Amino acid sequence: MASIHSLGKGILQKYMDQFFTFSDTVDYFNLFNVFGTMFALHFNTQRSGIWTLKKLLWSAYRALYLMSYLSYCYKAYWTFNNWEYSTASANVLGALGLCSGALLRLVLFEVYYPTIEQLQMFLNDRKYNNQDEWARDRRSQLYQHNNRFLMVLISAIILESLCFLAFLLLTRPEFMLQYNGHILGGPSVQIAYGTITACWGIIYVLVFIVFYMLMAGFRLEMEILVRSFEQLGQPARTSDYGELVQMGLPMNEQYEQEFWSVLQASLIKHIKRHVELLENLQKFRSIVGPFAFLQYYSTFGLIADSFFIVSFEGFSGYSMAYVLFASFLILESFLLCRGVEHLNDLNNRIGMTLYNLDWSQLLRYSTRFRFEYGCVRRIILQVIVQSQQSLRFTYGAAGEISMNSFAELMQKSYSMLTFLLQLDN
């Protein structure tokens, strides 16, 4: 028995190690893909279009979520026809709002999945500066950090969903399977129905995590690029002509030719990487826009429903489930706004890094190499100008994503809370 236990423990340990052991070929998103399949987000274990038995069973499993959603649509319709001003009505509408938000996120994820897959492939291609030990170490830290964050957040939302299941879904009739106001099925049916309802909350959070992981990947690649520009003058200082560069002394033609060749090659390599990042960030921006629009307004609506419940029920075990979920929504908005602002700051740092380099030492005009001198100066000025422009992540026509938009969301939420408290009094 002990040997079987140790064998099972070893297999589990080996399975978990693959999600926290970094290598050049590891997929940043392997653990997310496991959770995505587990919670009916996307079936990616079979990349071919063949409908295998495994995929067919998974599709039937996902259909249960759709049936659960339709049941809440019916309950909301019945509630409106038999309206009572009570927390039960607010619960039904709040649950429908949560499921609708999760369903819309799921639809956005499926519609934009080809683009998301392209961005994942781009971030998983880590050839740029792969020989740099600092870059390899930072990528390893990102892989482990993302998977730990994913494990912690999923564990927290599962725990919150279990509390929601125990304190609300199995005790409040409005969360149970109903028809014309009458509860259908026994305890086993209600447990299965409540579990699927709780999983809608996990789907709601899980879709956000993939955007967070993509943003974290782009942020790291920007940091690596900034560091590469900061080290732009190092080849000159460590070469045969490095002492001449540092002292500002003239170089012979051979040294000067080598200097310009090395500098242009380094610039072209880093600028090409910058262009690749900007092109992929443009793709990322095209899918963040609809998601952020849905994130901003659905968060405001769900926070309003949570505050409504709290203002009428007070702080109890019942209302704390709403408070916890509202906390997750606020955390999502904060991480999204802070991540976008950090990306803009890193892009600006590229221009500032080039501007602050000691170009009086590195770039010295000579008649023999005046063409190379003018070409490098133009390239540097173009990069400086380009990097000072905002990446323009927006949530629709309402505004640009930033910490200011997060502060605005918090201000509106606070105003709404004070209004509901005054209304209750």
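Author: Start with a term: accessible areas come from the Shrake-Rupley method with a 1.4 Å probe. The chain exposes about 21200 Å², and carbon and sulfur atoms supply 62% of that area. Keep in mind that this is a predicted model.

Reader: How many helices and strands does the chain have?

Author: The secondary structure comes to 14 helices and 2 strands. Of the 425 residues, 48% count as buried.

Reader: Let's pick a helix. What does H3 reach from its first C-alpha to its last?

Author: H3 has 29 residues and reaches 42 Å. That is close to the 42 Å expected at 1.5 Å a residue.

Reader: Which residues of H3 are buried?

Author: Among them are Lys55, Trp58, Tyr65, Tyr69, Tyr72, Ala76 and Thr79. The cover over the buried residues of H3 includes helices H2, H4, H6 and H7, and also strand E1.

Reader: Take Trp58. What does it touch?

Author: Leaving out residues up to four places away in sequence, Trp58 touches Thr37, Ala40, Leu41, His42 and Phe43. Trp58 and Phe43 are 15 residues apart in sequence, and their C-alpha atoms are 7.5 Å apart in space.

Reader: Why does Trp58 count as buried?

Author: Its relative accessible area is 10%, and buried means under 20%, so Trp58 counts as buried.

Reader: Now Thr79. Is it buried or exposed?

Author: Thr79 is buried, with a relative accessible area of 8%. Its side chain reaches the backbone oxygen of Lys75 at 2.7 Å. Setting aside neighbours within four places in sequence, Thr79 is in contact with Ser89 and Val92.

Reader: Back to the surface. Which residues form a nonpolar patch?

Author: Leu53, Leu56 and Leu57 form one, with about 340 Å² of accessible area together. Leu56 has its place in helix H3, which covers residues 53-81.

Reader: You mentioned H7 as part of the cover. How many of its residues are buried?

Author: In H7, 36 of the 44 residues are buried, so H7 is largely enclosed by the rest of the structure. From its first C-alpha to its last, H7 reaches 64 Å, close to the 64 Å expected at 1.5 Å a residue.

Notes. Residues numbered from 1 in each chain as written. Predicted model: local features only at pLDDT ≥ 70, side-chain atom pairs only at ≥ 80, totals over all residues. Heavy atoms only, no water. Patch = residues over 30% accessible without salt bridge, like charges linked within 9 Å, V, L, I, M, F, W, Y side chains within 5 Å. Salt bridge = Lys/Arg side-chain N within 4 Å of Asp/Glu carboxyl O. Helix = DSSP H or I, 4+ residues; strand = E, 2+ residues; numbered from the N terminus. Buried < 20%, exposed > 50% of the residue type's maximum accessible area, 1.4 Å probe, protein only. Polar contact = N/O pair within 3.5 Å; in protein donor to acceptor, adjacent residues only side chain to side chain. Contact = heavy atoms within 4.5 Å. Expected span 1.5 Å × (residues − 1).
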